[in-house]
Amino acid sequence: MESPDFNQIIDRHNTGSVKWDFLDRYLHINKTELLPMWVSDFDFQCPKEVLQALASRIDHGIFGYSERDEHYYQAVIDWFSRRHQLTLHKEWFTSIEGVVPGLALLIQLLSKPGEGVIVQGPYYSSFAKIITMNGRTVIENPLLEGAEGYKIDYRHLEHILEQHRPPVLLLCNPHNPTGRCWDRDELLQLLMLCKRYGTTIISDEIWADLILPSGKFTSILHLGSEWHSHVIAATSASKTFGLSSLRISNFLIPAPALRQAFTDRLNAHGLDVFNSLSMTAATAAYQYGETWLDKLQNYLAENRRWFEQALTSSVPWCRMTKAEGTYLAWLDCRDLGLDDNTLQQVLLQKAKIAVSMGYSFGDSGKGFIRINLGCPRQYLEKAISGLAQLTP
């Protein structure tokens with residue numbers, strides 16, 4: 001197989017890219033001369049086998065109503081068995097175009113207006129959006145910040161579980177933006193607390209395949225069948241293989257009654273037909289993308305090592321949080337002594353980079369920024385050069 005060149009610069013302008021073409025719309029800034037490092041998609045071509053499968057499907061020329069076939073199911077099941085030693089069953093699958101829409105529908109299904117949903121800050125901003133816009137309340141369980149990365153504050157978690165009795169906790173594993181991979185003991189403690197108070201855990205596991213050498217992914221489904229009535233896992237090929245706009249995600253729901261209730265909710269919204277190209281891409285990626293992913297993981301790990309070393313030597317005021325997964329860097333900028341608005345302005349005007357501002361991840365993100373390391377090394381060099389222009 002031809003080896004992928006992750007150092008290749010591919011111009012993404014004028015392709016409808018949110019990250020490259022819509023800075024002005026979403027961040028309200030002029031995109032000229034800015035390096036966009038804010039959206040969590042990477043700047044690499046997907047595996048050649050996926051491109052070939054898509055080309056073959058397009059050449060067929062007919063795009064009628066489509067459904068998941070046996071190849072799709074088996075590709076996902078085999079992938080999780082090989083990569084994660086996790087046994088999935090076909091009957092667990094429910095599918096929808098995107099993880100976030102599925103989370104929103106589950107929040108509607110499992111909670112009532114005015115009830116709380118727990119998130120662990122710093123949290124992915126879309127979590128807060130789908131909670132509040134569905135008339136529910138965000139209950140934050142801030143993670144504990146430490147030299148070895150972030151940890152779950154179980155004492156605070158039990159306090160809010162007891163006080164609010166929230167029906168849902170949204171877990172992110174691996175965690176966006178901090179890169180933590182929750183281990184078996186951490187997940188067990190979380191499960192025991194949530195079961196005690198009748199709280200269902202929905203685990204967003206979209207980053208599961210993008211693990212660093214120091215990390216190990218443990219799914220909420222790894223913990224055993226005794227927990228299955230209280231857990232849902234959300235997965236997708238999109239982050240792993242760069243297929244974010246070819247949207248199809250799988251919500252794995254072992255509990256039959258809960259699964260049927262969610263399926264009924266999908267049908268009530270007419271979400272019972274699937275994009276043929278999305279299924280083609282995901283199937284090919286899971287069937288043939290393993291070697292490509294191994295090389296990508298090595299490249300991303302080296303990007304992180306290089307970037308952290310460059311920060312230490314050229315940007316000493318900026319500290320990178322220890323991570324075990326994702327291609328995101330969570331950077332502590334508090335030593336600059338700037339408020340968040342000022343920090344954003346100097347990053348745009350002086351450093352010439354567009355990042356995800358930490359305050360968009362809740363109160364625990366203030367003073368931080370999130371940078372996307374899923375890009376050719378040349379972009380990281382430019383980012384370091386820009387950050388080095390800033391001094392406390």
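Tutor: Buried means under 20% relative accessible area, exposed means over 50%, and partly exposed lies in between (1.4 Å probe, protein chains only). This is a predicted model, where local features need pLDDT of at least 70, side-chain atom pairs count only at pLDDT 80 or more, and totals for chains, interfaces and linings use all residues. Residues are numbered from 1 along each chain as its sequence is written, and side-chain values use heavy atoms, with hydrogens and water left out.

Student: How many helices and strands are in the protein chain?

Tutor: Helices (H or I, at least four residues) and strands (E, at least two) are DSSP runs, numbered from the N terminus. On that basis the protein chain has 14 helices and 13 strands.

Student: Why is the protein chain as compact as a globular protein of that length?

Tutor: The radius of gyration is taken over C-alpha atoms, and the globule rule is 2.2 Å times the number of residues to the power 0.38. For 392 residues the rule gives 21 Å. The chain is as compact as a globular protein of that length because its own radius of gyration is close to that, at 21 Å.

Student: What share of contacts between residues at least 6 apart in sequence join residues at least 24 apart?

Tutor: Contact means heavy atoms within 4.5 Å. Take the contacts in the protein chain between residues at least 6 apart; the share joining residues at least 24 apart is 73%.

Student: What percentage of the 392 residues is buried?

Tutor: Accessible areas come from the Shrake-Rupley method with a 1.4 Å probe; for residues, only the protein chains shown count as cover. The chain exposes about 16,900 Å², and carbon and sulfur atoms supply 49% of that area. Of the 392 residues, the buried percentage is 57%.

Student: How far apart do the centres of the positive and negative side chains lie?

Tutor: Lys and Arg count as positive and Asp and Glu as negative; His and the chain ends are not counted. A charge is placed at NZ of Lys, CZ of Arg, CG of Asp or CD of Glu. There are 37 positive and 43 negative side chains, and the two centres are separated by 2 Å.

Student: Why is strand 10 largely enclosed by the rest of the structure?

Tutor: Look at both faces. L328, W330 and D332 are buried on one side, and A329 and L331 are buried on the other. Strand 10 (residues 328-332) is largely enclosed because its buried count is 5 of the 5 residues.

Student: In what order do the strands of the open sheet with 4 strands stand?

Tutor: Two strands pair if DSSP finds at least two bridges between them. Strand 10 is joined in the antiparallel sense to strand 9 (residues 319-320) over 2 bridges, and to strand 13 (residues 368-372) over 5 bridges. Strand 12 pairs with strand 13, also antiparallel, over 2 bridges. The order is 9-10-13-12.

Student: Which strands stand at the edges?

Tutor: An edge strand here has a single partner strand, so one side is left without a neighbour in the sheet. That describes strand 9 and strand 12 (356-357).

Student: Is T321 buried or exposed?

Tutor: T321 sits in the loop between strand 9 and strand 10. Leaving aside neighbours within four places in sequence, T321 contacts G149, Y150, T178, W330 and F368. Its relative accessible area is 14%, so T321 is buried.

Student: Which residue of strand 8 stands opposite A234?

Tutor: On its parallel side, strand 7 is joined to strand 6 (residues 200-204) by 4 bridges, and D204 has A234 as bridge partner. Strand 7 pairs antiparallel with strand 8 (residues 249-252) over 4 bridges. There, the residue opposite A234 is F251.

Student: What is the C-alpha separation of I58 and L277?

Tutor: I58 is in helix 3 (residues 48-60) and is partly exposed at 45% relative accessibility. Beyond four places in sequence, I58 contacts F63 and L277. I58 and L277 are 219 residues apart along the chain, yet their C-alpha separation is 8.1 Å.
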